[in-house]
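I opened my notebook for a new structure today. I wanted to go through it piece by piece and write down what I looked up.

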Amino acid sequence: MYKIDEIKINQNASIKQALKVIDKGAIKVAVVLSDDGLLLGMLSDGDIRRALLKGMSLGG
């Protein structure tokens, strides 16, 4: 079992914050939630790798 609090990020999280959650979690994904708690999607390290290759910044 996984606790959602361990793998969730807000839709406004930086790539750096997402990487920290992905690296810490056992299933290696981040669950992206809206400001009001609705599920927007899931983010993997591969998604981030592709974004970085396209020139996105890690952010703060």
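Here are my entries, one topic at a time.

**Ground rules**

I am working with a predicted model, where local features need pLDDT of at least 70, side-chain atom pairs count only at pLDDT 80 or more, and totals for chains, interfaces and linings use all residues. Residues are numbered from 1 along each chain as its sequence is written, and side-chain values use heavy atoms, with hydrogens and water left out.

For the elements I used DSSP runs numbered from the N terminus: helices are H or I with at least four residues, and strands are E with at least two.

**The sheet**

I started with the strands. I found three of them in an open sheet, ordered β1-β2-β3, with mixed pairing. Strands count as paired here if DSSP finds at least two bridges between them. The edges are β1 and β3, since each pairs on one side only.

A reminder to myself: strands of a sheet pair through backbone hydrogen bonds, either parallel or antiparallel. How do β2 and β3 run? They are antiparallel, and five bridges join them. I picked out two facing pairs: Val 32 stands opposite Gly 41 in β3, and Val 31 stands opposite Met 42 in β3. β2 and β3 make a hairpin with five residues between them, and Gly 37 in the turn has a positive phi of about 90 degrees.

Most residues other than glycine have a negative phi. I located Lys 28 in the loop between α2 and β2. Its relative accessible area is 40%, so Lys 28 is partly exposed. The cut-offs: buried is under 20% relative accessible area, exposed is over 50%, and partly exposed is in between (1.4 Å probe, protein chains only).

**The core**

Which residues make up the largest nonpolar core? I counted 11 of them: Ile 7, Ile 9, Ile 15, Ala 18, Val 21, Ile 22, Ala 30, Val 31, Val 32, Leu 33 and Ile 48. The elements giving two or more residues to this core are α2 (15–24) and β2 (29–33). A nonpolar core means a set of buried Ala, Val, Leu, Ile, Met, Phe, Trp, Tyr and Cys residues joined through side-chain atoms within 4.5 Å.

I then checked the contacts of Ile 7 (heavy atoms within 4.5 Å). Leaving out residues up to four places away in sequence, Ile 7 touches Val 21, Gly 25, Ile 27, Val 29, Ala 30 and Val 31.

In α2, the buried residues are Ile 15, Ala 18, Val 21 and Ile 22. Looking down the axis of α2, I see them fall within an arc of 120 degrees, so they line one face of the helix. The arc is taken from the directions from the helix axis to the C-beta atoms. On the other side of α2, Lys 20, Asp 23 and Lys 24 are exposed. What covers the buried residues of α2 includes α1 (4–7), β1 (8–10), β2, β3 (39–44) and α3.

**Salt bridges**

How many salt bridges are there? The count is three, using a side-chain nitrogen of Lys or Arg within 4 Å of a carboxyl oxygen of Asp or Glu.

- Lys 8 pairs with Asp 5, with the closest N and O atoms 3.1 Å apart. Lys 8 is partly exposed at 37%, while Asp 5 is exposed at 57%.
- Asp 45 and Arg 49 meet at 3.9 Å, N to O. Both lie in helix α3 (residues 45–53), four residues apart, about one turn of the helix.
- Arg 50 and Asp 47 meet at 2.9 Å, N to O. They also lie in α3, three residues apart. Arg 50 is partly exposed at 47%, and so is Asp 47 at 29%.

**After α3**

Last, I looked up Ser 57, in the segment after α3. Ser 57 counts as exposed, at 56% relative accessibility. The C-alpha atoms of Ser 57 and Ile 15 are separated by 7.5 Å, with the two residues 42 apart along the chain.
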